[in-house]
Amino acid sequence: MQLFRLTAHELHDLLIKKEISAIEITEAVFDRIASVEEKVGAYLNRTRERALAQARVVDGQIRKGEKIFPLSGIPIAIKDNMCTDGITTTAGSKILANFIPPYSATVVKKLDAAGTVMVGKTNLDEFAMGSSTENSAFFTTRNPWDTGRVPGGSSGGSAAAVAAGEAVCALGSDTGGSIRLPASFCGVVGMKPTYGAVSRFGLIAYASSLDQIGPFTRDVTDCALMLNIICGHDPLDSTSVNFKAPDYTGFLVNDVRGMRIGVPEEYMAEGIDPEVRDVIGKAMALLQSLGANVEYTTLPHTEYALPTYYLIAPAEASSNLARYDGVRYGLRAEEVEDIIDMFIKTRSQGFGSEVKRRIMLGTYALSAGYYDAYYLKALKVRTLIKEDFDRAFEKYDLLISPVSPTTAFRIGEKTDDPLKMYLSDVCTISVNLAGIPGMSIPCGFAGGLPVGLQLMGRHFNEGALLRAAYTFEQNTDYHKRFPEL
Amino acid sequence: MITKITKEDVDRVALLGRLELTGEEKEMFTRQLNDILEHFQFLERLDTANVQPTAHVLPLKNVLREDWAGQHMSREDALANCPDREDDYFKVPRIV
């Protein structure tokens, strides 16, 4: 039995039957890492000793007959923009290459308290700015389905780790699609919960009105189990919503009869690869045949989402990244004349091209004389985009679409043209602008590469996404395929 | 709304963002920022005169907590990552 291929809930069943131990699971995952990591490059840092210590605790609990949690002893990877106490956290940037946080992000503390085993920290585009991990200051992660291709980004390391069997579950963050895009490209389940549903305390900020943490898993059941751990109010995050998180496993029902599902026609229009469109069309037909009412609808302001996002996110980033000044942590340039020179040299040496580009774009959009024309305009269009969704959700329980216009693209294919790279996010960014939950599930293959189906729902209605995703999964086997490495 | 971005604009914005660009970067960013903003120009088509801006999607306002003294990070932990320090302070180059 290849333990690294199993889901968390399958491993849990074996653990409580005492057929395997948590140490065996952890060793199986680290053995898998030893054999494939050279090809994939999912991790920036592996935490084997910490993992084994956590696994030993779980085995002790099982031995003593204590009840363990649903994800106790499950190896989980963490995107390297979430702070881990005493463990280097780089955000994929040279400017934080040696940063050792003195505290852990709330999500990391919650996972620790839930008995999970942290495998390591995964690669990402620098400060989560990118769609391919090619903007990592360290290296590019490769897609386990075709190592000549990107895993998607920015949470590409987390998605690739789960797809390749180098972790059972993972955490990522999603500002404009950074969980859903890599989930789609790597053929795993990825969810961006509602804005405010998961604490971002300890998440290194990119664009604060859009950022949200969420899980990568091999199936929808594991996704619900991860949400049960990470969702909920946190007084340390002032944008965290005080709500009572439900038991998300309650939504794992194999039944979509009567569900009203809209397919925004703008997401199936020109620009979507015909093979991808075909796969999505089949997914629509399957949901229809299972009893959902699937029909085309419209989100008329969709085409404005890309410029809106790429004005708002860089504007927020330019402000958030002002903190990297070489004073309190991170890189400090040497041989400087005075403090302003130190700020300038530190930032110029520490940031990569894409980060500088977004600081420039954001600073420009916020600068005197351009604020109204760019930033304020984008905030107003954001209202129109959000209202499109409000209207659609009066009629539908759920919207579905492709996650990306194409399957995983080749490494280097889009690095010379930022605009072309930005267009990879065209189907995912509206969800962040509206703050609603969005999810990617494996729904087929095109040219041997995974295609993701995006599900979008009302604020705090992750339940509808899980129900439709679970039903789809119970009636297909795409989630069971495993890449050859 | 669109004005062509010149190299001087790029210099000005870089200074605001506390960045020093190489000659090559200046050229690249001038070209790319023009390309990007030109592509975004169609936002102008939308009449937003009567639309309220959305800075934040949640109806949260004035999130406050009780004013009590809690456990906070120790001074040593807070200083542990700083590139240079003197006693309990962050040390920086000359300011004035």
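Predicted model: local features only at pLDDT ≥ 70, side-chain atom pairs only at ≥ 80, totals over all residues.
View 1. Helix α11, residues 353-366 of chain A, and helix α2, residues 23-39 of chain B, have axes that come within 11 Å and cross at roughly 55°. The crossing in which α11(A) passes α2(B) is right-handed.

**View 2. The side of each helix that takes part in the contact between α11(A) and α2(B) is given residue by residue.** From α11(A) come R357(A), M360(A), L361(A) and Y364(A), while α2(B) brings F29(B), Q32(B), L33(B) and I36(B). Sorted by class, the residues in this contact of α11(A) with α2(B) are 6 nonpolar, 1 polar and 1 charged.

**View 3. Chain A, which carries helix α11 (residues 353-366), is built from 15 helices and 11 strands.** Along the principal axes, the C-alpha atoms of chain A fill a box of roughly 65 × 50 × 45 Å. The radius of gyration of chain A is 21 Å, which agrees with a compact globule, because a globule of 485 residues would have a value near 23 Å.

**View 4. The interior of chain A is described by its buried residues, which make up 64% of the 485 residues.** Among the contacts in chain A with a separation of 6 or more, 76% are between residues 24 or more positions apart.

Key:
Residues numbered from 1 in each chain as written. Chains lettered and ligands numbered in written order. Helix = DSSP H or I, 4+ residues; strand = E, 2+ residues; numbered from the N terminus. Rg over C-alpha atoms; globule rule 2.2 N^0.38 Å. Buried ≥ 20, exposed ≤ 12 C-beta atoms within 10 Å, placed from the backbone. Contact = placed C-beta atoms within 7 Å. Axes fitted to C-alpha atoms, helices over the stretch in contact; angles between N-to-C directions. Left-handed = near helix turned anticlockwise from the far one by under 90°. Nonpolar A, V, L, I, M, F, W, Y, C, P; charged D, E, K, R; others polar.
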